[in-house]
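Please look at the sequence and the structure below before reading on.

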Amino acid sequence: MVENKKYKLLFKDRIGIVFDITRLMMAHKLNIISMEVEQKEGFAQISVEIEGGHSLDTEEMLALFSTLPAIDSQTELKRLPQEKREKWFRTLFDGMSEGIVSVNSKGMINTANSVACRILNTPYENLVNTYVGEITPKNNLLMECMQKRIPVNRRKSAVTSTGRVDFYGSAKPIHDSQGGFVGAVLLMKDLQEVKAMVDAVMTPIDFKFDDFIGESPAIKNLITFAKRIAELDTIVSITGESGTGKELFARAIHFESGRPGPFIPINCAALPEQLIESELFGYIDGAFTGAKKKGKPGLFEAAQNGTIFLDEIGDMPPGPQAKILRVLQEGCVRRIGGVEEIPVNARVITATNKNLNDMVAAGDFREDLFYRINVLTIQIPPLRERELDITLMAGKFLNRFNRKLEKKEQTIDTSGLEKLLSYSWPGNVRELQNVIERASIFSNSNEISADSIHLNSKQSNCGQPCKAIPATVSTGSSLKEMVGKYEMRILLEALNSTPSIRKAAKKLSISHTALLKKIEKHQLRNESKVLPWESGAPLN
């Protein structure tokens, strides 16, 4: 078979170039297979393919082209630009991790990459220009997509020469610019690769201080302090109620520290007592029945050059407490059953929602360990003491869940915000997040009202006094003014119904300091003549 000849002709750009080339080829009875024109910087580059079998050789063809007006150069080509593009696209398709098969409107396969050929166990030559029903006649995703003209997704299996391949297929119809159906495309993903992707996505990512939602002075001051101590090797103890974000704070400290090793969180309350030592310190071969051959390194070793986070350390039994103290003091671990001292370089961060002082006094926590970990302490305030952040967090969470649930953007109206601000949040940020997610799911409106916000029915919003004090909405008042007045009335009732500020704070489930700040904020000394401290009642 005689091969076609391909040439590149460069002209000074002008009108009629293609006509002149066509007329010249017709005059010499030469058949043009394809022609491509590219204009660039005042020149026109013509790539032309001439059918083989004619009597002119290459030199004679180039001499023939030289007779064309305003031609600048003429050379023979091995491959046309279109062929180069097709080869590049073929390389690109074959390099993709997904299998790709496409069909035209009649069901004839016009595209298939190497991954698709492998999954379908069919050579490329046997796929292209073949009716799709002949390839996989049973439960055919592309056929179903073509017939229904809708996307079709399903888990599938294919038997190949190397065994069975499980894959996830996703077929979608293809339409032209006028909306007419022109074919369909099938993407196939090996389920083993899908699992690897899911594992990668589920792996916790780095959490930074910039990711914290909060404008309250308490949080800003904590972040400033944590950034200052992040690069130190000193033990950090994080305290705070459940749901305040202690682990996220620990992750941010690890990220800010720049340590190259991993962040390894350990929930001391979740580990069975008989497994704590083997998990933390590891063991050698034959240390106990069921021990792995060659032993196993502990989590302190795994956290080398990184950070180990001992969450809920207050729930750790006394035995492991002694070993933890030894690791912190000497910087070495000894595996169960071993004699070798293994040095570890891991930053230690602890967290608890319990009062370790009280536990030490009761003999439930080692005093020496308490003083060893209580070097730098970060106390995360509960959400009820971060009023400025509640509205901000609620909005951020709502936007996140709207995207997750693929709902139109929602907002929280005045009644909903008032309900959120009047609640004491015993579950803190975690509870707020759950409440907003429920509200986003159950509300069919673009505005979420108080009726769509479901709080813990067993938890009083602000202690018993809240139920006795109805909120009064004044016409023309802003939300901030209304909430401020509502808060002031609650504080006055609590202060007048208890013998001391500390007991009033306990009744409201806030700290003594927070209550003092609120008293100053609302200037409550001028609001009542019967306040406890005015009548000589004790202040503590």
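## A parallel sheet

In strand β14, the bridge partner of Phe263 is Thr307; strands here are DSSP runs of E with at least two residues, numbered from the N terminus, and two of them pair if DSSP finds at least two bridges between them. Five bridges join β11 to β14 (residues 307-311), and these two strands run parallel. They belong to an open sheet of five strands, paired in parallel in the order β11-β14-β17-β10-β18. Its edge strands, each pairing on one side only, are β11 (263-267) and β18 (376-379).

The model is predicted, so local features need pLDDT of at least 70 and side-chain atom pairs count only at pLDDT 80 or more, while totals for chains, interfaces and linings use all residues. Residues are numbered from 1 along each chain as its sequence is written, and side-chain values use heavy atoms, with hydrogens and water left out.

## Antiparallel pairs

Strand β1 (residues 5-12) pairs with β3 (residues 43-50) in the antiparallel sense over eight bridges, and Leu9 has Ile46 as its bridge partner in β3. Six bridges also join β1 to β4 (residues 71-77), again antiparallel, with Thr75 in β4 as the bridge partner of Lys8.

## Around Phe300

Leaving aside neighbours within four places in sequence, Phe300 is in contact (heavy atoms within 4.5 Å) with residues including Leu280, Ile308, Ile324 and Val344.

Methods:
Helices (H or I, at least four residues) and strands (E, at least two) are DSSP runs, numbered from the N terminus.
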